[in-house]
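Subject: Structure handover, aromatic contacts

Dear colleague,

Please find below the structure for your files.

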Amino acid sequence: GIAYAVQYEGSIVDVLEGTYDLISEFGSDYFESLNSSSSELSGIQIGNGITINFSPKSKVVCHYTGSNQYARIKFSPFNMMPGSRGFTLCGLNLVCSNVRYAVHDECNANSAYYENTYIDCKMSKDNSQATGWLNPLVIGGGLGQNGRIEIIRCYFNSETIPPYTTGKSVNYHNASPAGSQSALYVTDCYFDGAYTCGVSYYGASTEITEMHVSGCSLPAEPYINREGSATIENVAIRKFNNEIR
């Protein structure tokens, strides 16, 4: 249904009560066919201004138990369509394990303005039994050149094993082109477990992309780090009215 609706700009999808198992939806053959050439955006594609409203009695699950390492490092339940004008996820309750991220929010440095919004979502990822991909990120994203990300009243929980004893459940890195500048807002969210949120500097831009973190409960302070071999510190975090547990 989402694959159909996303073809039309500004579609609204209402997800009714029930449990939606993505292993069953995609089929075991799909997961076992993923390989080194498969897209790192494998999974449900969202964008083109789509809004997906989830019933409080709906739940999305994705527990990969197979042995194909490429399923674990390529598949995320939801993926942004690069070049589209964004999406809204409202009320998503997602539990997943042995996958890349819960949401791969990757704009791929596209130049068009876009807005991605998460409202009242609950997302958990358990990679403590995974091999080949242990990253704790629930939302992992690469920003576009001109984007706005809003994450409002959401719950995040992630579990994994060393070397990720600390880290982030939510993180975005800046876009690579010069002149890139985006804005991120994380508001009234609860970060369970050991992992916090943050943003990474990257690329050639000397403009400052800001992440505002306010009214959140976190196990550690939000923090900035470097993506790859980046040298220009083109991000900042504004933190206020948070609880550090």
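This is a predicted model, in which local features need pLDDT of at least 70 and side-chain atom pairs count only at pLDDT 80 or more, while totals for chains, interfaces and linings use all residues. Residues are numbered from 1 along each chain as its sequence is written, and side-chain values use heavy atoms, with hydrogens and water left out.

Tyr30 counts as partly exposed at 24% relative accessibility, a class that lies between buried (under 20% relative accessible area) and exposed (over 50%), with a 1.4 Å probe and protein chains only.

The structure holds 13 aromatic pairs; rings of Phe, Tyr and Trp (its six-membered ring) pair if their centres lie within 6.5 Å, and planes under 30 degrees apart count as stacked, over 60 as edge-to-face and the rest as tilted. Because their planes stand at 75 degrees, with the centres 6.1 Å apart, Tyr30 and Phe75 form an edge-to-face pair. This pair links distant parts of the chain, 45 residues apart: Tyr30 lies in helix H3 (residues 28-33) and Phe75 in strand S6 (residues 75-80). Helices (H or I, at least four residues) and strands (E, at least two) are DSSP runs, numbered from the N terminus. Phe75 is buried, at 0% relative accessible area. Ring pairs also join Tyr30 and Phe75 with Phe26, Phe31 and Tyr64 in a cluster.

Tyr101 and Trp133 are both buried.

The charged end of Lys168 sits over the ring of Tyr223, 4.4 Å from its centre (NZ of Lys or CZ of Arg within 6 Å of the ring centre and within 35 degrees of the ring normal). The charged end of Lys122 likewise sits over the ring of Tyr155, at 5.6 Å from its centre.

Yours sincerely
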